[in-house]
Amino acid sequence: MSEEVAAATTLPATAAETSPDNPWPLQLLSQKLKMHIDRAPSAWVEGQVIELNRRGTNAYLTLRDIDAEISLPASAWTKVLDRQEIPLERGSRVVALLKAEFWLKTGRLNMSVKDIRPVGLGDLLARIERLRHALAAEGLFSDARKKRLPLLPHRIGLITGRNSDAKKDVLRNAALRWPAVEFEIREVAVQGNTAVAQVIAALRELDAHPEVDVIVIARGGGALEDLLPFSSEELIRAVSGASTPVVSAIGHEADRPILDDVADLRASTPTDAAKRIVPDVVEELARVRQARDQLRRGVTRLVEREADRLASLRSRPVLASPEVMVSSRHDDVERLKGRAQAAVTTAVVRAADQLAHLKAQVRALSPQKTLDRGYAVVQLADGHPAPGTRRDVVRHPDQAPSGTPLTVRVAGGRFTAESTGGQEPAEE
Amino acid sequence: MTAETKPNADIEALSYEEAREQLVGIVTRLETGGASLEESLALWERGEALAKRCEQWLEGARKRLAAARDQPSQAG
């Protein structure tokens, strides 16, 4: 029942131009609203039926968002509902084609369900796989994005259900390996429509916590619907954007929520997670002790080796027996002495030789041989001549007239004589 | 011979490696020979001082190791 609005008018053209002194008539507002709302297209939405009341040909239901606390009342013809083979009931997860409708007279807004179908398990699984592929294609699961876990975390952030077995498993198994381990625990809903919001809030809190350097999201096993929050796109993106490494420990080995793919480490169960985030302290202590022993041995070896080298240096003769520097020079001097002596001795011997040689020569030159042959040397003997003066040798009888004192030297010695003057003819 | 102790006063400040290197140098010089008697004496005295310094270093190292050995649970 729409009425045309007159084009020529004193009325304000837009809502912004209205004022207390220049208002619109109410119907204009209602008409404009209706125009807008009628133009709004219908949309397929996914939600959960939380209320369902049939009254004759009409049915009134309340739909709620899967992960948020936002709901919407809607109405449908019962025949629309009954098109489905599987009857819809409270709690059903559905997809519905909704169209907003505005009743002009009463100003009532109504969401009309034009079509509605339940979402089956198969549909859910298919939807999850499609999402998984899409996110993988974006690169959210690549190894390059995976962060390494700290070997010995300062504090472990744990997001888990209230009083759950999962929480107990993680805490107990971690403490077995490392008694001093510290946890920062956030208990949240781990299924149902509040789960996604609460897990994301806890994740953001722990990511911002300065001491928490690894976060574990753990819950025990459950039906597929129960684990759905851990395949929610919003949660996956939140985990992908966290700067702290995240460990996924959801359900059992066979469960594969998308959280497993985006997490930096996937543990098959909460117990498995505890074993992988914390080192076995006894083992680590043993390794540290071993390393210390090796270190000590290495350093001791080094010191001993240096001590040996020093000892060998010190045992070198130049250091150990420095008197060599004196004794070697002493030997030098002795040797030189010897050479000097030898040289002198040689010179003396040579001189002696020379002397003997000269003596022989002199002797050879002396008249003794002639005397030995029997000749005599007669010399004039005049009184007491000064020593060293030469006596005249008599060569001619005229030199020795009778009575001349003579000395005669013969081989055996000298004697005095006197000439008797008689001459004898010279020998022919 | 007081003039000889002065040049060896620097040995106190040497590290183990420095002292050992100098000691090796002195031994080599003495073994090569050619130094005067005066020099040889001075070299030998310095060599002895250097060797003593090296020994001090090594003794100190041994003591530190023994101390650490006796306190295994202290000091990370």
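## A tour of the two chains

In chain A, if you take contacts between residues at least 6 apart in sequence, 61% of them join residues at least 24 apart. Keep in mind as you read that this is a predicted model.

Chain A has 428 residues, and 19% of them count as buried. Its secondary structure consists of 13 helices and 13 strands. Chain B has 76 residues, of which 20% count as buried. For contacts in chain B between residues at least 6 apart in sequence, 66% join residues at least 24 apart.

### The parallel sheet

Let us begin with the sheets of chain A. One open sheet of chain A is built from 5 strands in the order E7-E6-E8-E9-E10, with parallel pairing. Which strands stand at its edges? They are strand E7 (183-187) and strand E10 (265-266) of chain A; each has a single partner strand, so one side of each is left without a neighbour in the sheet. The partner of E7(A) here is strand E6 (residues 155-160) of chain A, and 5 bridges join these parallel strands. To find one of the bridges yourself, look for Thr160(A), whose bridge partner in E7(A) is Glu187(A).

### Antiparallel pairs

Another open sheet in chain A has 3 strands in the order E11-E12-E13, and its pairing is antiparallel. Its edge strands are strand E11 (377-380) and strand E13 (413-418) of chain A, each pairing on one side only. On average, and with direction ignored, neighbouring strands of this sheet are turned by 30 degrees against each other.

Strands E1, E4 and E5 of chain A also take part in antiparallel pairing. The table sets out three antiparallel pairs, with a bridge to look for in each.

| Strand pair | Number of bridges | One bridge to find |
|---|---|---|
| E1(A) (residues 43-55) and E4(A) (residues 93-103) | 6 bridges | Val45(A) with Ala96(A) |
| E4(A) and E5(A) (residues 108-118) | 10 bridges | Lys99(A) with Ser112(A) |
| E12(A) (residues 405-410) and E13(A) | 6 bridges | Val410(A) with Gly413(A) |

The hairpin of E4(A) and E5(A) has 4 residues between the strands, and there Gly107(A) takes a positive phi near 65 degrees.

### Two helices side by side

Now turn to the helices. Two packed helices are described by the angle between their axes and the distance between the axes. Helix H5 (residues 195-208) of chain A packs with helix H7 (residues 233-241) of chain A at an angle of about 10 degrees, and their axes are 10 Å apart. Why are H5(A) and H7(A) called roughly parallel to each other? Angles under 35 degrees count as roughly parallel, and the angle here is about 10 degrees; H5(A) and H7(A) are therefore roughly parallel.

On the H5(A) side, the contact is made by Val196(A), Val199(A), Ile200(A) and Leu203(A), while H7(A) contributes Glu234(A), Leu235(A), Ala238(A) and Val239(A). Sorted by class, the contact has 7 nonpolar, no polar and 1 charged residues.

Which residues of H7(A) are buried? They are Leu235(A), Ile236(A) and Val239(A). These residues cover an arc of only 100 degrees around the axis, which puts them on the same side of H7(A). Among the elements that cover them are helix H3 (121-138), H5, strand E9 (246-250) and helix H8 (259-262) of chain A.

### Where the chains meet

Finally, look at the place where the two chains touch. Here 18 residues of chain B are in contact with 15 residues of chain A. On the side of chain B that touches chain A, the elements giving two or more residues are helix H2 (16-32) and helix H3 (37-70) of chain B. H3(B) provides the largest share of that side, with 13 residues. By class, the residues of this side of chain B divide into 11 nonpolar, 2 polar and 5 charged.

Terms used
Residues are numbered from 1 along each chain as its sequence is written. Chains are lettered from A and ligands numbered from 1 in the order in which they are written. This is a predicted model: local features need pLDDT of at least 70, side-chain atom pairs count only at pLDDT 80 or more; totals for chains, interfaces and linings use all residues. Axes are lines fitted to C-alpha atoms, for helices over the stretch in contact, and angles run from 0 to 180 degrees between N-to-C directions. Angles under 35 degrees count as roughly parallel, over 145 as roughly antiparallel, 65 to 115 as roughly perpendicular and the rest as oblique. Two residues are in contact if their C-beta atoms, placed from the backbone, lie within 7 Å. Ala, Val, Leu, Ile, Met, Phe, Trp, Tyr, Cys and Pro count as nonpolar, Asp, Glu, Lys and Arg as charged, and the others, Gly among them, as polar. A residue is buried if 20 or more other C-beta atoms lie within 10 Å of its own, exposed if 12 or fewer, and partly exposed in between; C-beta atoms are placed from the backbone. The arc is that of the directions from the helix axis to the C-beta atoms. Two strands pair if DSSP finds at least two bridges between them.
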